[in-house]
Amino acid sequence: MKTPSIVSQNEWEAARLELLVKEKEVMRAHDALAAQRRRMPWLAVDKQYAFDGPDGPASLLDLFQGRRQLIVYRAFFEPGVVGWPDHACRGCSMIADHVGNLAHLNARDTTLAFASRAPQPEIEKVKARMGWSPIPWYTISDEFDVDFGVDEWHGTNAFIREGDQVYRTYFINRRGDEYFGNTWSYLDMTALGRQENWEDSPEGYPQTPPYEWWNWNNEYAAAVDETGSDWLGRVAAAIDRGEAGRQQKEAPHDCCAHPAQ
């Protein structure tokens with residue numbers, strides 16, 4: 001193994017800052033790509049699809065769970081897949097292992113669901129065995145996987161609804177799925193994005209300041225905390241303190257960096 005050279009602290013920092021310029025270029029390019037996704041045309045989904053879920057039969061509209069956006073990952077867990085019936089495919093299992101707390105996506109009016117051809121009893125068993133119980137996971141019972149490009153390979157489809165009308169807004173598959181697993185990457189593929197006011201989105205899209213919607217995963221349902229103080233007010237105050245601290249070149253009280261930085 002031919003290792004890189006050993007350098008001084010100053011040389012190491014200079015090399016890191018050189019790479020940081022390129023990393024910021026990549027991040028800005030990613031932001032621009034997400035902005036283009038938000039301007040993708042929508043494709044109406046008029047065909048009725050049927051799934052089986054933990055609570056019985058479900059339609060594609062049911063998978064939204066009342067929210068405006070839906071992300072569906074097609075996981076290969078079915079007879080004929082390596083590992084059946086104790087495991088889903090290794091790659092799809094890696095994706096499931098990286099899924100974060102879904103409360104944050106739900107707070108952005110977005111539902112994440114998995115879909116496979118395995119029957120529900122087997123899905124429930126593997127979810128319990130592998131620690132995936134929080135993931136809504138449905139059984140495909142018709143041509144959904146064929147129609148949405150995931151019958152022979154995994155992939156992630158994004159949908160939005162206007163009332164009861166469902167639209168397909170984007171699709172990512174193959175190595176593109178490697179980036180999924182956190183709230184930001186999932187929201188970046190949706191039609192509405194992160195819904196934060198620093199984003200380049202079409203006029204009229206829902207947006208709020210960053211941080212203000214962030215919360216502990218068990219407190220999104222609460223409008224106020226146990227002391228009665230408003231969450232948004234507390235966050236806004238923390239942001240103000242952080243901005244003042246940065247202006248004074250002091251350590252900010254708010255630990256979070258603005259996405260635009």
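A charge is said to sit over a ring if NZ of Lys or CZ of Arg is within 6 Å of the ring centre and within 35 degrees of the ring normal. By that criterion, the charged end of R174 sits over the ring of W153, 5.1 Å from its centre. Likewise, R168 lies over the face of F171, with 5.0 Å to the ring centre.

Before I continue, a word on the source. This is a predicted model, in which local features need pLDDT of at least 70 and side-chain atom pairs count only at pLDDT 80 or more, while totals for chains, interfaces and linings use all residues. Residues are numbered from 1 along each chain as its sequence is written, and side-chain values use heavy atoms, with hydrogens and water left out.

I turn now to the aromatic residues. Rings of Phe, Tyr and Trp (its six-membered ring) pair if their centres lie within 6.5 Å; planes under 30 degrees apart count as stacked, over 60 as edge-to-face and the rest as tilted. The structure holds 16 aromatic pairs. One of them is the tilted pair of F144 and F159, at 6.4 Å centre to centre with 40 degrees between the planes. Since F144 lies in helix α6 (residues 144-147) and F159 in strand β7 (residues 155-162), the pair ties together parts that are 15 residues apart in sequence. Helices (H or I, at least four residues) and strands (E, at least two) are DSSP runs, numbered from the N terminus. Both F144 and F159 are buried; buried means under 20% relative accessible area, exposed over 50%, and partly exposed in between, with a 1.4 Å probe and protein chains only. These two residues also belong to one aromatic cluster, formed by Y49, F51, Y138, F144, F148 and F159.

Next come the salt bridges, each a side-chain nitrogen of Lys or Arg within 4 Å of a carboxyl oxygen of Asp or Glu. A search of the whole structure finds 15 of them. Which residue forms a salt bridge with R38? The partner is E199, the closest N and O atoms being 3.3 Å apart. R38 lies in the loop between α1 and β1 (43-45) and E199 in the loop between α7 and α8, so this pair ties together parts that are 161 residues apart in sequence. R38 is buried, at 2% relative accessible area, and E199 is buried too, at 7%.

Other salt bridges lie within a helix. E13 and R16 form one, with 3.0 Å between the closest N and O atoms; both residues lie in helix α1 (residues 9-37), three residues apart, about one turn of the helix. E13 is partly exposed at 25% relative accessible area, and R16 is partly exposed at 34%. There is also a network of salt bridges, which links R74, E78, R117 and D145.

Finally, helix α5 (residues 120-130). The side chains of K125 and E122 meet there in a salt bridge of 3.8 Å, N to O. In α5, the residues Q120, E122, I123, V126 and K127 are buried. Seen down the helix axis, the buried residues of α5 fall within an arc of 160 degrees, so they line one face of the helix; the arc is that of the directions from the helix axis to the C-beta atoms. They pack against β2 (50-53) and β6 (137-140), where contact means heavy atoms within 4.5 Å. The face turned away from the buried side of α5 carries the exposed residues P121 and A128. After α5 comes G131, whose phi is positive, near 80 degrees.
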